[in-house]
Amino acid sequence: MSYLKDADPELFDILYREIDRESSTLELIASENFVSYPVLEMAGGVMTNKYAEGYPGKRYYGGCEHVDEAENLARDRAKELFNAAYANVQPHSGSQANMAALFTFVKTGDTIMGLDLAHGGHLTHGSPVNFSGKLFNVVSYQVDRETGRVNFDDVHELARAHKPKLIICGGSAYPRFIEFEAFKNVADEVGAFLMADIAHPAGLVATGLHPSPMPYCDVVTTTTHKTLRGPRGGMILMGKDYPNPFGIVAPKSGRVKNMSELIDSMVMPGIQGGPLMHIIAAKAVAFGEALKPEFKQYTIQVVANAKRIAEELLKKDYNLVSGGTDTHVILIDLTNKGITGKAAENVLEKAGITVNKNMVPFDDRSPFITSGLRIGTPAITTRGMKEDEMTMICNMIDQIINDINNDEVINSVKNSVKELCETFPLYDDLRN
Ligand SMILES: *Cc1c(COP(=O)(O)O)cnc(C)c1O
């Protein structure tokens, strides 16, 4: 049954074209995933109607008893998943989680350190085109040319020279475990706060496949829609809560406020208004799924699949940044293949394989061209694909990249993609 079909056939058709695209192509974008039907149902539900500025039990609007229940469950489940003492599930996105965390811990003009965007960092870690680069004095650290891993000599040296107030670890195209403990050593040495952005590996962290930032970091931000497989959104966590070191007191009692209170008030009213209660409730549903043993099996397969892709590509003489992966991400340096990231992305898309071009460390090309491709396994693993399919996919990618102008090859791969997708159906129930 569809209301949309009758009310607005134009948008109904657009929606169904998107369902077809998602189900009939191979989604290898490392930051994407496919949510379950229950998550879709909650995200498409009536909680979109509710204004609920504030937090459970302390709202500025009436009628919040049920959205309070949903937000409390989302927070409790998030804390259980990540072994955290505190969770704020209201950030509309990962970028807003980062904005609220940064504004809580540092002031405009303060020095922060983050991984260079071209080396796998994120826009919100200090890019000049982002609020983070405009409002803070940013010192970017890089990865080592040889190993492709964070260069801790570089991090130490920069930290000693620039005395940052806060260091961000984590990134968007970093195939290896984030080295929380090594960053903690640097942060302690220079008296900086340590913020981990686990937007990418959150699902792996939740299931113990990636080390946890909680023992080492003052604050942890994440998205909920990447490996965590929830609705699009953000979240802020802390391993422990403590009185804020800035001496900010509650006006009436004169009590020194806890960091959790400062973060809560930075999210709302600091940078956001009414929370997206349908999305917060859908986060609760997704966190409930992530607490089940099946989700751990899923993340184990995500990593096994990524490792298989890395192995197969190495056999075919592809250069991988850092030589492989610990996670769901593989970053290919295409330089020796004589093709740019942009050209590879375009030709793979013609065959129904969706990837994204990506800068590689020390890239000579611009972010619009790039020398690399980023590949990820979260979405295809959700469809049920395993190691054998990874080998097939690598063969398809390789055939195309070796012969980018050969329409016959592109068409034959396109047919194989279609067959593979039919074997691992997605969202079939939405079509009935
Ligand atoms: C994806 C990502 C974000 C931001 O997420 P949005 O929801 O797109 O704003 C932040 N940090 C890192 C490291 C990411 O990969």
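## A buried aspartate

A polar contact is a pair of N or O atoms within 3.5 Å, where one must be able to donate a hydrogen and the other to accept it. In this predicted model, the side chains of D264 and N88 make one at 2.9 Å. The D264 side chain has another polar contact with the side chain of Y86, this one at 2.6 Å.

D264 sits in helix 10, which covers residues 259-271. So what about charge pairing? D264 is buried but has no salt bridge. R75 is the nearest side chain of opposite charge, at 4.8 Å, and a salt bridge would need a Lys or Arg side-chain nitrogen within 4 Å of a carboxyl oxygen. Leaving aside residues up to four places away in sequence, D264 touches Y55, Y86 and N88.

## Aromatic pairs

Now for the rings: there are 11 aromatic pairs. One of them is F103 with F136, a tilted pair with 6.3 Å between centres and 55° between planes. F103 belongs to helix 5 (residues 94-105), while F136 lies in the loop between helix 6 (131-135) and strand 6 (137-141), so this pair ties together parts that are 33 residues apart in sequence.

How accessible are these two? F103 counts as partly exposed, with 25% relative accessibility, whereas F136 counts as buried, at 5%. Elsewhere, F34, Y37 and Y427 come together as one aromatic cluster.

## Charges over rings

Rings also meet charged groups here. R145 has its charged end over the ring of F362, 4.1 Å from the ring centre. The charged end of K337 sits over the Y318 ring, with 4.2 Å to its centre.

Key: Residues numbered from 1 in each chain as written. Predicted model: local features only at pLDDT ≥ 70, side-chain atom pairs only at ≥ 80, totals over all residues. Heavy atoms only, no water. Phe/Tyr/Trp six-rings, centres within 6.5 Å; stacked < 30°, edge-to-face > 60°. Helix = DSSP H or I, 4+ residues; strand = E, 2+ residues; numbered from the N terminus. Buried < 20%, exposed > 50% of the residue type's maximum accessible area, 1.4 Å probe, protein only. Lys NZ or Arg CZ within 6 Å of the ring centre and 35° of its normal. Lys, Arg positive; Asp, Glu negative; His and termini not counted. Contact = heavy atoms within 4.5 Å.
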